[in-house]
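Please read the points below with the model open beside you. Each takes one part of the structure and defines its terms where they are needed.

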Amino acid sequence: MYGEHHGWLRAWLRRKLGDSHLAADLAHDTFMRLLCRQDVVAAHEPRAFLLTVAQRVLSNRHRRQKLEQAYLEALARQPEAHVMSAEDRAILLETLAQIDQLLDGLPRVAKRAFLLSQLDGLTHADIAVQLGVSVSSVKRHIARAAYQCYFADVVASH
Amino acid sequence: MSAPALPPIPVPVAHQAVAWMLDLQSDTATDALRRDWQHWLNQHPDHARAWQRIESVNRTLQRAAMPAQTAIAHATLTPPRSPRRRQIIQATAALALLTGAAGARHYLPWPVWLADYRTAVGERRRLAWADGTTVDMNTDSVLNVNIGPHIRRLQLLAGEILVTATAHPTHPVALQLDTPHGTLHTDAAQFAVRHWPHHRTDVQVVAAHVAVTSHATGATTTLGAGQQLQLWADGATAPVPFEAIAPAWIDGFLIAQGMRLDDFLAELARHHRQTLACDPAIANLRVSGVYPLNDLGRILDTLRIALPIRVETLTRPWGTATVRLRATDAPVAI
């Protein structure tokens, strides 16, 4: 499948992105996802299937760029950022990218409640005050975020 | 027949685990509640698996939990909504900030928690396939595997493994191992690989030969028995010799020879859920000896005797503990 469709996918990505170097990278990422899967993919429409996977790669990349932009703005606003080494900043970004992926799709208030609880260690009562909601709402929001965050594969298989 | 992957955690168990987490977080949590939680944990192996999953992901979250960093985390993950309050950063400055010295970045294509095999913190596991391939997984490691009659392909997403690959006498199938920093190829060899996240990947060959290709440069180095190298974001180091034996963790030991105390604790911490830390004043004390990886109590006892330190343990409400090593004459925390 690789030889036959790789060139076609690269061309499709190049048209979509307008960048042939990037298209090559993303085509590689797309095939990497497929080649390491244990279940043999017997696709009747291999190109349509490839496109599905490629779309996912593209949307991940888009999300990643948005995250990086938000990160840079956050760093610009924080005096603490200046004492972090370049390596620490890079490591923190990767951590935040993982967390961002885990929390993807949740309503903003659920993300806020979850992070205030897990990162800042605030009590449910303090979070309720900060977000202007009831304590029971806070627990509901944390429960929803935690279930998705910790058990994404369980969510996906149902 | 390959070692089977675990089935997903059942939905009700996942919900129960989250409910327990919330109850334990609440400031009305009592000892009775904690006992009930322990009882639930012991009721079924899936309960413990679910709780381990929560702790494992929490470890990722904790990396953004330093006081100076939580504000950055919030602003990044839930950015302020008004565009006027946001500053647009120059593209070139942005690139320099993010990539630092090395230009190369390598993204893992898919989430780590959906991988085929993962070991918990402190767990070591041997996987074996009918063709004779075996993989020993060290603590907190994540591996994807595709082994069949005509393919032997592994992907190390996190942690450390020892691969023992034999060559079929009549139908050899090349083995390929992908890592974030490079790709390894061999027909038959015994070799150890360790991935340091966002940092480097170490390759040590114990027996036979492995061809190592750096993602960054595309260059390939062939390592023989007793040779090791490191793959970095910008390329591979030259091979250097090492004693060609399987790593000590296979037998459950950590061998230190004049290792700095902070490095020793960092190695040990990979195998334990507790946070292990030491004061900067004693970080460069030297540790030597053979230590049983899983017996934290015994290791701390040995360190207490050998070094001028004392050990403080702080337990958090949701059960995780921090072990802090301090100089014997450091002031006691109130």
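1. Tyr117(B) stands opposite Leu143(B), a residue of strand E4(B). The strand that pairs with E4(B) here is E1 (residues 117-118) of chain B, and two bridges join them in the antiparallel sense. Strands pair if DSSP finds at least two bridges between them. Strands themselves are DSSP runs (E, at least two residues), helices are runs of H or I with at least four residues, and both are numbered from the N terminus.

2. This is a predicted model: local features need pLDDT of at least 70, side-chain atom pairs count only at pLDDT 80 or more, and totals for chains, interfaces and linings use all residues. Residues are numbered from 1 along each chain as its sequence is written, chains are lettered from A and ligands numbered from 1 in the order in which they are written, and side-chain values use heavy atoms, with hydrogens and water left out.

3. Strand E4 covers residues 142-148 of chain B, and six of its seven residues are buried. Buried means under 20% relative accessible area, exposed means over 50%, and partly exposed lies in between (1.4 Å probe, protein chains only). E4(B) also pairs with strand E5 (residues 151-165) of chain B, antiparallel, over seven bridges. One of the bridge pairs is Gly148(B) with Ile151(B) in E5(B). The hairpin that joins E4(B) to E5(B) passes through two residues.

4. Which strand order does the open sheet of three strands in chain B have? The order is E16-E19-E18, with mixed pairing. Strand E16 (275-278) and strand E18 (309-315) of chain B are the edge strands, each pairing on one side only. Direction ignored, neighbouring strands of this sheet are turned by 20° against each other on average. E18(B) and strand E19 (residues 321-327) of chain B run antiparallel and are joined by seven bridges; Ile309(B) has Ala327(B) in E19(B) as its bridge partner.

5. Two helices lie across strands of chain B. Helix H6 (residues 261-269) of chain B lies across E16 and E19 of chain B, at about 180° to E16(B). Helix H7 (residues 296-306) of chain B lies across E16, E18 and E19 of chain B, at about 145° to E18(B). For these angles, axes are lines fitted to C-alpha atoms, for helices over the stretch in contact, and angles run from 0 to 180 degrees between N-to-C directions.

6. The largest nonpolar core has 54 residues, and Phe114(A), Tyr150(A), Phe151(A) and Trp51(B) touch the most other members. Its largest share, eight residues, comes from helix H1 (residues 11-25) of chain B. Apart from this core lies another, of 29 residues, among them Trp249(B) and Leu276(B). Such a core is a set of buried Ala, Val, Leu, Ile, Met, Phe, Trp, Tyr and Cys residues joined through side-chain atoms within 4.5 Å. In soluble globular proteins, nonpolar side chains tend to be buried together.

7. Trp37(B) belongs to helix H2 (residues 31-43) of chain B. Is Trp37(B) buried or exposed? Trp37(B) counts as buried because its relative accessibility is 9%. Leaving aside neighbours within four places in sequence, Trp37(B) is in contact (heavy atoms within 4.5 Å) with Trp20(B), Leu24(B) and Trp51(B). Trp37(B) and Trp20(B) are 17 residues apart along the chain, and their C-alpha atoms are separated by 6.9 Å.

8. Chain A has eight helices and zero strands. Buried residues make up 45% of its 158 residues. Val155(A) lies in helix H8 (residues 152-156) of chain A, and Val155(A) is partly exposed because its relative accessible area is 35%.

9. Confidence needs attention before details are read. The mean pLDDT (the predictor's confidence in each residue, from 0 to 100) of chain B is 84, and 86% of its residues reach 70 or more. Within chain B, the mean is lowest in helix H5 (residues 91-99), at 44, and highest in strand E8 (residues 189-196), at 96. Over residues 84-114 of chain B the pLDDT is below 50. The model scores ipTM 0.78 and pTM 0.49.
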